[in-house]
Amino acid sequence: MSQIQDKTVGASLLAIGLFVFTYYSIWTLVIPFVDEGHAARHLFPPQWYAIAIPVFLLVVGVTGVFGFLSFVMLKSGQKAAKKST
């Protein structure tokens, strides 16, 4: 039963990833060449967000990774200090 759930979750994540990749690719590679009044323009946010959103996610991700590493290093330093005393 667990394998079926794992496969379902994996297939769902793959489908979501493919959708996001396709949407972002169309948004950044096709939409800039579509006329301003075209109906397809209403399906996508302004082009500025195509850069702002990934940059924001990158900054949040890097901050999270370095915050976690700092936390682990501080904890291991405290353990080493207790052992040496």
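Analyst: A patch is made of residues with over 30% relative accessible area and no salt bridge, with like charges joined within 9 Å and nonpolar side chains (Val, Leu, Ile, Met, Phe, Trp, Tyr) within 5 Å. Accessible areas come from the Shrake-Rupley method with a 1.4 Å probe, and for residues only the protein chains shown count as cover. The model is predicted: local features need pLDDT of at least 70, side-chain atom pairs count only at pLDDT 80 or more, and totals for chains, interfaces and linings use all residues. Residues are numbered from 1 along each chain as its sequence is written, and side-chain values use heavy atoms, without hydrogens and water.

User: Which residues form the nonpolar patch on the surface?

Analyst: Leu58, Val62, Val65, Phe66, Phe68, Leu69, Phe71, Val72 and Met73 form this patch, with about 920 Å² of accessible area together.

User: Why is Val62 called partly exposed?

Analyst: The relative accessible area of Val62 is 37%. Buried means under 20%, exposed over 50%, and partly exposed in between; Val62 is therefore partly exposed.

User: Why does Glu36 count as exposed?

Analyst: Glu36 has a relative accessible area of 64%, and is therefore exposed.

User: What makes the contact of Glu36 with Arg41 a salt bridge?

Analyst: A salt bridge is a side-chain nitrogen of Lys or Arg within 4 Å of a carboxyl oxygen of Asp or Glu. The closest N and O atoms of Glu36 and Arg41 are 3.7 Å apart, and the pair forms a salt bridge. A search of the whole structure finds one salt bridge.

How values were computed
Buried < 20%, exposed > 50% of the residue type's maximum accessible area, 1.4 Å probe, protein only.
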